[in-house]
2 protein chains.
Amino acid sequence: MAGEPPLNLGLLLFIPYRAMESRVFAGLAEAGFDDFTPAQARVFQRIAPDGSRLTDLAEQAQITKQSAGFLVDQLERAGYVERAPDPTDARARLVRIAPRGAAAIPVAAAIVAEVEAEWEAHLGRPRMAALRQHLGRLRELTDPYR
Amino acid sequence: MAGEPPLNLGLLLFIPYRAMESRVFAGLAEAGFDDFTPAQARVFQRIAPDGSRLTDLAEQAQITKQSAGFLVDQLERAGYVERAPDPTDARARLVRIAPRGAAAIPVAAAIVAEVEAEWEAHLGRPRMAALRQHLGRLRELTDPYR
DNA sequence: CCAAACTAGTCAGATACTCTGACTGTACCA
DNA sequence: TGGTACAGTCAGAGTATCTGACTAGTTTGG
């Protein structure tokens, strides 16, 4: 009668996150984008439209700049990103999305939309909207990068 | 005027998850539980009260049983878990929480409660309850293990 | 205008994590 | 009782991550 024990909220967040990531990763692989890893994708998805500095990517992904550099090297070799000098600072280089990376984005977006549609069908539209809204507000507390 | 772009729901889930994990990890380290890693903790928190089989832990954490064995070995060496034969199946052994692991649990729970209280103060009680409820329902779709 | 302090990124080396494949031993089933 | 399935381990390899030390460009305070 007590129903489910109130599962740790962290785990409650993690489970659907993991489900989403797995679906997107599998779908991209199926579409031919199978030459990158989840760790690389976690950096890739944080690249700003007009390019990001390595240090910023590292900060946002909460890894060291060395790790970020390692992952960006691989993304670069696979053709997903390219590096260009930052015109405003000769020390820095901008990591930008390369053609192969740009091609992957709509594929990923479509899978995200599909998963979100399934979730919305299960929860109902208003609850899904509430979920998204509350998570967005939580970001004010938990995301130092915006 | 357009406000924030609607951030990828996966990332929206990941950001608070990561925040929660970091807080708990840091708090445990401060309390003297500094001899384990996040990867070990992700396995540890899935151990059932009466013990779990290695294969089940691996499945729930979505890693191979070899990886799970590797992490449990370390948790065992650090005194967080112990292994006992499974009386119902001589092939299997039950991974159980050892005294040091049991001591860490209330500390972790207190930090989780603290973070949840902060989140609730920010969102308001009804929204926090809705968030928890919707995430719980999402689990029906995204968690094969319950 | 220049020396000190700071910042962007890389190099080198170590450790942690995860995987695939092959194997042992036990359980279950027809 | 023989075959198949399952629990777990062993061995080896690749991936991801870190700390510390370094180079080079930028900013700042006198």
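**Figure 1. A salt bridge in chain B of the predicted model joins Asp73(B) and Arg83(B).** The closest N and O atoms of this pair are 2.1 Å apart; a salt bridge is a side-chain nitrogen of Lys or Arg within 4 Å of a carboxyl oxygen of Asp or Glu. Because Asp73(B) lies in helix α4 (residues 65–77) and Arg83(B) in strand β2 (residues 81–85) of chain B, the pair ties together parts that are 10 residues apart in sequence. Helices (H or I, at least four residues) and strands (E, at least two) are DSSP runs, numbered from the N terminus. Asp73(B) has a relative accessibility of 32% and counts as partly exposed. With a 1.4 Å probe and protein chains only, buried means under 20% relative accessible area, exposed means over 50%, and partly exposed is in between. This is a predicted model, in which local features need pLDDT of at least 70 and side-chain atom pairs count only at pLDDT 80 or more, whereas totals for chains, interfaces and linings use all residues. Residues are numbered from 1 along each chain as its sequence is written, chains are lettered from A and ligands numbered from 1 in the order in which they are written, and side-chain values use heavy atoms, with hydrogens and water left out.

**Figure 2. Asp86(A) and Arg53(A) form a salt bridge in chain A.** The closest N and O atoms of the two residues are 3.0 Å apart. Distant parts of the chain are linked here: Asp86(A) is in the loop between β2 (81–85) and β3 (93–97) of chain A, and Arg53(A) is in strand β1 (residues 52–53), 33 residues apart. Asp86(A) is buried, at a relative accessible area of 8%, whereas Arg53(A) is partly exposed, at 28%. The whole structure holds 24 salt bridges over all chains.

**Figure 3. Arg100(B) and Asp35(B) meet through their side chains in a salt bridge.** The N to O distance is 3.2 Å. Arg100(B) belongs to helix α5 of chain B and Asp35(B) to the loop between α1 and α2 of chain B, so that distant parts of the chain, 65 residues apart, are linked. Both residues are partly exposed, with relative accessible areas of 28% for Arg100(B) and 35% for Asp35(B).

**Figure 4. Gln40(B) is found in helix α2 of chain B.** Is Gln40(B) buried or exposed? At 4% relative accessibility, Gln40(B) counts as buried. Leaving aside its neighbours within four places in sequence, Gln40(B) is in contact (heavy atoms within 4.5 Å) with Asp35(B), Leu71(B), Gln74(B) and Leu75(B). Asp35(B) is also the salt-bridge partner of Arg100(B).

**Figure 5. Helix α5 of chain B comprises residues 99–123.** The 25 residues of this helix reach 37 Å from the first C-alpha to the last, close to the expected 36 Å; the expected span is 1.5 Å times one less than the number of residues. Among the buried residues of α5(B) are Gly101(B), Ala104(B), Ala108(B), Ile111(B), Val112(B) and Trp119(B). An α-helix has 3.6 residues a turn, so residues three or four places apart point the same way. The cover over the buried residues of α5(B) includes α1 and α6 of chain A, together with α1, α2, β3 and α6 of chain B. Just after α5(B), Gly124(B) takes a positive phi of about 95 degrees.

**Figure 6. Chain A and chain B meet at an interface with 41 residues of chain A in contact with 41 residues of chain B.** The buried area is about 4,500 Å², of which carbon and sulfur atoms give 68%; buried area is the accessible area (1.4 Å probe) that two parts lose on being put together, summed over both. Leu9(A), His122(A) and His134(A) supply 14% of the area that chain A buries against chain B, more than any other three residues. Across the interface there are zero salt bridges and six residue pairs in polar contact, both residues at pLDDT 80 or more. A polar contact is a pair of N or O atoms within 3.5 Å; within protein, one must be able to donate a hydrogen and the other to accept it, and residues adjacent in sequence count only if both atoms are side-chain atoms. Helices α1 (9–30), α5 (99–123) and α6 (125–142) of chain A each supply at least two residues of the side that touches chain B, and α6(A) gives the most, with 14 residues.
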